Amino acid sequence: MYERFSREHDDYYERGGGSGLGLAISKSLVELMGGSIVCQSTKGIGTVFTVALPFDVPAIKKSQNVSAVKTGSCVLNLKNRHVLLCEDNRINAVIIGNLLRTKGVITDYAENGRIGVEKARSGVYDLILMDIRMPVMDGLTAALTIRKFNSTIPIIALSANNYIEDRRKSIKTGMNAHIGKPVNTEELFSVIAHAVL
């Protein structure tokens, strides 16, 4: 089934089916990342593909601070930290802002990248959470602009696009990390711990 251009029925393509490349490409990509793919299928019932990929788990630094936020072996003190949240979607901004405030974070908002750049230039922040797709100026451009006058502030990308290439683009613009949406609370605070400690 992983052979290129192979199909179960020869007439499938005639009826608008695929070209027989999907599984071959999937298997190649998995193997390029050092992983494996296994198929379990019962005709008329269903098919399950299991993909295993080897990823290293980054070590988390231990903090001497005492706080309510625990991320693995790390205890992170976020009380009175100043975070700039650049997010054009009001609902997302409220949800993320509420998560931060439960830990004592002081949050400032920017509804597009240009305002985010202006606030980053004039304000003092411990961290910037940067949405990628925003009007006026997108998050990638905003991060590049901020890096021209501030090379040290941690910037974390927030994006519904969470593929490897999307993460690479974020890092290439000078961001410290990339978090996929919808935001996972544990991941959010774990990434923040790495960024601010």
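**Salt bridges and a nonpolar patch**

Reply: In this predicted model, the side chains of Glu 87 and Lys 181 form a salt bridge, 2.7 Å from N to O.

Me: Where do Glu 87 and Lys 181 lie?

Reply: Glu 87 sits in the loop between strand 5 (82–86) and helix 2 (90–101). Lys 181 sits in the loop between strand 9 (177–180) and helix 6 (185–196). The pair therefore ties together parts 94 residues apart in sequence.

Me: Is Glu 87 buried or exposed?

Reply: Buried, at 4% relative accessibility. The cut-off for buried is under 20%.

Me: What does Asp 131 pair with?

Reply: Lys 181, in a salt bridge of 2.9 Å, N to O. Asp 131 is in strand 7 (residues 127–131), so this pair links parts 50 residues apart in sequence. Shared partners join Glu 87, Asp 131 and Lys 181 into one network.

Me: And Asp 131, buried or exposed?

Reply: Asp 131 counts as buried, with 5% relative accessibility.

Me: How many salt bridges are there in the whole structure?

Reply: Five. One of them joins Asp 108 and Lys 119, at 3.2 Å, N to O. Asp 108 is in strand 6 (residues 106–110) and Lys 119 in helix 3 (residues 113–122), so the bridge ties parts 11 residues apart in sequence. Asp 108 is partly exposed at 26%, and Lys 119 is partly exposed at 25%.

Me: New topic. Which residues make the nonpolar surface patch?

Reply: Ile 25, Leu 29, Leu 32, Met 33, Val 51, Leu 53, Phe 55 and Ile 164. The patch covers about 790 Å².

Me: Which element gives the largest share?

Reply: Helix 1 (residues 22–32), with three residues. Ile 25 is in helix 1. Ile 25 is partly exposed, at 46% relative accessibility.

Note on methods. Residues numbered from 1 in each chain as written. Predicted model: local features only at pLDDT ≥ 70, side-chain atom pairs only at ≥ 80, totals over all residues. Heavy atoms only, no water. Patch = residues over 30% accessible without salt bridge, like charges linked within 9 Å, V, L, I, M, F, W, Y side chains within 5 Å. Areas by Shrake-Rupley, 256 points an atom, 1.4 Å probe, with all protein chains shown as cover. Salt bridge = Lys/Arg side-chain N within 4 Å of Asp/Glu carboxyl O. Helix = DSSP H or I, 4+ residues; strand = E, 2+ residues; numbered from the N terminus. Buried < 20%, exposed > 50% of the residue type's maximum accessible area, 1.4 Å probe, protein only.
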